[in-house]
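Me: I would like to learn how to read a two-chain model feature by feature. Where do we start?

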Amino acid sequence: MSERNLPGGEMSSRKLDFFWIADCSGSMDGEKIQTLNYAIRQTIPDMRKEADANPNADILVRAVKFSDGAAWHVAGATPIDQFNWTDLSAGGVTAMGMALELVAGELRQLPGDTKRLPPVLVLLTDGQPTDDFKGGLDALLATPWGKKAVRIAIAIGKDTDTNVLEQFTGNKELVLEAKNPQLLVKFIKWASTVVKNVSAPMAGADAVDTAAIPVVTADDDEIW
Amino acid sequence: MVQGATHIRQDKICQDALLLCENGNASDGQVFSIACVADGHGSDRCPFSDQGAKAAVLVATDILKDLLMNPDPKEMLAAQKDIRLPRQIEARWKETVHKMYLEQEVETPDDMPPFSYELYGSTLLALAAASGFIFALQIGDGDIVAIEPDGLARWLLPPCDHAGNETESLCMDECWKYIRTQLIPIDGESPVPLMFLLSTDGYANSFVESAGFLKVGADIYRMWREHGRDYVQENLPAWLSQTTTDGSGDDIAVAILAKEG
């Protein structure tokens, strides 16, 4: 019997792993990286609210940054109530493949049990990979959790290689093109809300409500 | 059976179903007990999965009851368990949910999405205990556990190992191929389990480790033995409510079959 006099052993809620994968290459310098920093910081209160509303799912956040190489910006699974965002700065090239390799390594360590919820991976980039993107993507998709993950890409500006991002998401609808700062903020905010769908008891990795993706209108000027 | 803590918060109805059937009258056939539980998927793509789960337990109970009323049910199950019975369950469940859809369509024609079996997607777990054998059947996640004479619990059918909410389902094409069965003869040679527990995955998903879930079976058996069946029956809903709150947040359906005395 458990401490609370219930049949069985120790109980726990289900874990949901959320990854920000952020491009910090030189072309992100200026307004792009500033908006990215601002927008991710803005998502924190809403994600905390979602975690409070669903105590049966523990949201664990990590962040990877990539430019000349890839490194953990927030290493280790950080509960959303302890998660804080330190501003990223830009410089270097676009080692996107290395970033995906890094995430793949972390996903490989996760227990492959039925209790864990599908991870959510959000890739933010304004450019084209300068390294072995395919190798990184293959490594990611070779992990059981990488394959099952909800993979979202946010293309910042008009120079992004959306074909590459479609390969990452495996779904054209989940490549969001942010052509100005307002859209980038909206898309980042939307991506953070995906935890709500994914944390439902029987929702799968296909549970993303694409109808709720902010719509790009004619009034959305192309700034980047 | 209890509604999941998350479903209560999100104002979603319970998607699990449970059905028990007993035939204690040897004069009209075999003495047997059947327990079935099912877990409707509950995702947006399966808006009628609560009905799909109800159809699953009804269909399985009906089919198993017919089989068990035969003069030699063990032989029939041995002959049919791998192909004919799973095919029959698939066909009957699909026919039933299609009929449900057509009836709903007449009542609320404007609210109905185009028909697909996925609208009603559900798992199914069934256990039949009769004189001379035990029969278990399962498609998708959930657990059928036997409590052995040494008081320890073990799975009767290996648990589903899909990670991240994936499950096999009655709504799949040729789902009969994913229906797993096990016929265990009771011949006096091997020890007979003392109790069986069937549960939807919301129960096992509430525990940090599988061993913690298996302990449920052992603990419930101990309480049954020490305090009696009524005690377990009275307390089970409260235990399940607390478990979904502290654990998975999912609906939980549990059926227990035990040898009296």
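Reply: We start with burial. A residue is buried if 20 or more other C-beta atoms lie within 10 Å of its own, and exposed if 12 or fewer do. Keep in mind that this is a predicted model.

Me: Which residues of α6(A) are buried?

Reply: The buried residues of α6(A) are A:L183, A:L184, A:K186, A:F187, A:I188, A:W190, A:A191, A:S192, A:V194, A:V195, A:K196 and A:V198. Note that A:K186 and A:K196 are among them. The helix covers residues 181-198 of chain A, 18 residues in all. From first C-alpha to last it reaches 27 Å, close to the 26 Å expected at 1.5 Å a residue.

Me: What do the buried residues of α6(A) pack against?

Reply: One helix and several strands of chain A. The helix is α1 (31-53). The strands are β1 (14-23), β2 (57-66), β4 (120-125), β5 (150-156) and β6 (175-178).

Me: Take β4(A) from that list. How many of its residues are buried?

Reply: Six of its six residues, so count by face next. A:V120, A:V122 and A:L124 are buried on one side. A:L121, A:L123 and A:T125 are buried on the other. Both faces of β4(A) are covered.

Me: Which strands is β4(A) joined to by bridges?

Reply: Look for bridges and for direction. β1(A) and β4(A) run parallel, joined by five bridges. In that pair, A:A22 has A:L124 as its bridge partner. Six bridges join β4(A) to β5(A), and these strands also run parallel. There A:T125 stands opposite A:A155.

Me: Now chain B. Why is strand β4 of chain B called largely enclosed?

Reply: Apply the burial count again. Strand β4(B) spans residues 133-139, and five of its seven residues are buried, so the rest of the structure largely encloses it.

Me: How does β4(B) run relative to β3(B), parallel or antiparallel?

Reply: Antiparallel, with seven bridges between β3(B) (residues 124-130) and β4(B). B:A129 has B:I134 as its bridge partner.

Me: What about β4(B) and β7(B)?

Reply: β7(B) covers residues 180-185, and its pairing with β4(B) is antiparallel over six bridges. B:A136 has B:Q182 as its bridge partner there.

Me: Which residue in a loop of chain B has a positive phi without being glycine?

Reply: B:E174, with phi near 50°. This residue sits in the loop between β6 and β7 of chain B. B:E174 is exposed because 9 other C-beta atoms lie within 10 Å.

Me: Which residues touch the most other members of the largest nonpolar core?

Reply: Such a core joins buried nonpolar residues through C-beta atoms within 7 Å. The largest has 73 residues, and B:C36, B:A56, B:A60, B:A126, B:A128 and B:L198 touch the most other members. Helix α2(B) gives the most to this core, with nine residues. Beyond four places in sequence, B:A126 touches B:I34, B:C36, B:A60, B:L64 and B:L137. Another core, of 68 residues, lies apart and includes A:A22, A:I40, A:V61 and A:L88.

Me: How many residues of each chain are in contact with the other?

Reply: 31 residues of chain A are in contact with 37 residues of chain B. On the chain A side, helix α4(A) (residues 144-148) gives the most, with three residues. That side divides into 15 nonpolar, nine polar and seven charged residues.

Me: What confidence does the predictor give?

Reply: For the complex, an ipTM of 0.85 and a pTM of 0.83. Chain B has a mean pLDDT of 91, and 96% of its residues reach 70 or more. Among the elements of chain B, helix α1(B) (residues 5-9) has the lowest mean, 83. Helix α2(B) (residues 49-68) has the highest, 97.

Conventions:
Residues are numbered from 1 along each chain as its sequence is written. Chains are lettered from A and ligands numbered from 1 in the order in which they are written. This is a predicted model: local features need pLDDT of at least 70, side-chain atom pairs count only at pLDDT 80 or more; totals for chains, interfaces and linings use all residues. Two residues are in contact if their C-beta atoms, placed from the backbone, lie within 7 Å. Helices (H or I, at least four residues) and strands (E, at least two) are DSSP runs, numbered from the N terminus. Ala, Val, Leu, Ile, Met, Phe, Trp, Tyr, Cys and Pro count as nonpolar, Asp, Glu, Lys and Arg as charged, and the others, Gly among them, as polar. The expected span of a helix is 1.5 Å times one less than its number of residues. pLDDT is the predictor's confidence in each residue, from 0 to 100. Two strands pair if DSSP finds at least two bridges between them.
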